[in-house]
Amino acid sequence: MTADVTWLDVWTPQEGADRVRALFAGRFEAEPEGTWSAPGRVNLIGEHTDYNGGLCLPIALPHRTYAALRRRDDDIVRLVSAQEPAGLRTVDLADVAPGTVDGWVGYVVGVAWALRQAGHAVSGFDVAIDSCVPYGAGLSSSAALEASTAVALDAVFALGLAASDEGRATLAALCVRAENEIAGAPTGGMDQAASLRSQDGHALLLDCLDGSVRHVPFDLAAHDLALLVVDTRAEHALVDGQYAARRASCEAAAARLGVGTLREVSDDPRGLEWALDKLDDEVQVRRVRHVVNEIDRVTWFVALLDAGEVGLVGTLMNASHASLRDDYEVSCRELDLVVDTARAAGAVGARMTGGGFGGSAIALVAADEVDRVAQTVADAFAEQGLRAPAFLVATAAGPAA
Ligand code: ADP
Ligand code: MG
């Protein structure tokens with residue numbers, strides 16, 4: 001069987017800006033003050049570690065969300081998105097509070113709300129959004145939407161935060177507040193940091209305990225390798241509930257161990273066994289084992305990149321997947337199928353990426369084998385009667401601007 005292989009579109013920055021400017025002009029009968037954009041991300045390794053004060057290693061994708069925006073003199077926000085056909089939405093910033101805003105607009109007005117909560121002088125605005133980051137694919141379209149809004153508001157209200165990494169860390173934290181408190185999604189901080197603080201050609205080593213970052217050169221082409229991203233397009237119910245349950249389980253284990261976050265276990269000289277011995281809940285044992293081992297794998301992954309041994313990271317990717325599947329229990333049939341098929345087709349390593357229960361998987365493959373591996377994965381999905389997946393090749397792109 002030879003199934004069709006669907007590649008996800010990527011726009012040039014010019015295309016994205018043109019599209020969103022045209023959308024703005026058509027809807028608001030005025031020109032925007034400017035256009036801004038922010039990338040989606042894919043995490044190389046370090047999954048479900050961010051809310052445990054751990055390490056993670058995302059790259060920003062060339063796939064971006066574009067925002068065209070213009071200030072208003074009142075507190076009204078008018079919003080339109082090319083991805084949301086229901087049309088124009090209007091929100092009064094004065095009414096925004098946790099639980100008051102429904103749907104996609106929460107991510108945008110949430111950022112304005114968080115900036116105001118932090119004491120920044122932000123008033124109403126008109127905004128148009130367009131994006132080539134796929135929704136709900138685990139590639140963080142939500143953070144791309146928040147971050148594009150954040151840099152747009154930073155510019156038009158002259159906040160000066162986007163000019164430094166420290167200011168960008170502040171913006172990222174406010175985007176997390178927007179997502180947690182206004183959009184109502186309990187995410188950690190990886191996605192927003194990746195979108196706002198990455199550097200072109202580098203992976204972002206993010207320490208979620210203190211928010212510090214290191215930019216690790218990441219150029220697969222120089223090693224004749226490529227990172228194939230597979231959006232499984234799997235629809236699984238209860239995703240948010242499962243995420244919240246994993247967080248709660250980690251917090252309960254940390255409380256039982258008398259530590260602030262599970263990061264302290266990974267830094268503790270007594271080691272993982274000490275912690276696992278103290279836990280009597282079998283589920284917590286497995287959750288903690290994943291988190292602590294996963295933090296170690298990030299450190300090893302970066303050490304291999306630093307040493308120029310990119311071809312050796314595959315083992316760590318494979319171990320990460322097994323841990324997420326067996327100990328953390330956030331994989332699913334489609335993610336396992338991508339990973340197993342890609343490996344059998346010769347991938348150096350493969351793992352699910354993002355929160356799990358659908359979303360995307362990544363495979364590290366020889367550059368000249370990308371098409372063959374993608375075809376093999378597409379065929380496997382077709383043979384099993386699953387919805388066709390979508391593919392992209394990821395390179396480390398630049399941050400929100
Ligand atoms: P992911 O971040 O993995 O893509 P999420 O469920 O966290 O998935 O975020 C997807 C949600 O973010 C969408 O359902 C929508 O509410 C919002 N969103 C993302 N991109 C856009 C966009 N271009 N226009 C409007 N809403 C968007
Ligand atoms: Mg998201």
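This is a predicted model: local features need pLDDT of at least 70, side-chain atom pairs count only at pLDDT 80 or more; totals for chains, interfaces and linings use all residues.
Local features need pLDDT of at least 70 and side-chain atom pairs count only at pLDDT 80 or more, while totals for chains, interfaces and linings use all residues. Residues are numbered from 1 along each chain as its sequence is written, chains are lettered from A and ligands numbered from 1 in the order in which they are written, and side-chain values use heavy atoms, with hydrogens and water left out.

Helices (H or I, at least four residues) and strands (E, at least two) are DSSP runs, numbered from the N terminus.

A nitrogen atom of ligand 1 lies 2.9 Å from a side-chain N or O atom of Tyr135. A polar backbone atom of Gly136 is 2.8 Å from a ligand oxygen atom. In Ser142, a side-chain N or O atom is 3.0 Å from an oxygen atom of ligand 1. Taken alone, ligand 1 exposes 560 Å², and the protein buries 80% of that (Shrake-Rupley method, 1.4 Å probe).

Ligand 1 sits in the largest pocket, with more than half of its atoms within 2 Å of the grid points. A pocket is an open set of points on a 1 Å grid over the protein atoms alone, with protein on both sides within 12 Å along at least five of seven lines; lining residues have an atom within 4 Å of a point. The volume of this pocket is about 1200 Å³, counted as the space filled by probe spheres set on points joined across faces, edges and corners. Its lining comprises 49 residues, with Tyr135, Gly136, Ala137, Gly138 and Ser142 nearest the centre. By class, 18 are nonpolar, 20 polar and 11 charged. β7, α3, α5 (190-197) and α6 (239-257) each supply at least two lining residues.

The structure also holds 1 cavity of 30 Å³ or more, a cavity being a set of points where a 1.4 Å probe fits but cannot get out. The largest cavity has a volume of about 40 Å³. Its lining has 9 nonpolar residues, with no polar and no charged ones. Among them are Leu44, Phe218, Phe301 and Met317.

Definitions and conventions
A polar contact is a pair of N or O atoms within 3.5 Å; within protein, one must be able to donate a hydrogen and the other to accept it, and residues adjacent in sequence count only if both atoms are side-chain atoms. Ala, Val, Leu, Ile, Met, Phe, Trp, Tyr, Cys and Pro count as nonpolar, Asp, Glu, Lys and Arg as charged, and the others, Gly among them, as polar.
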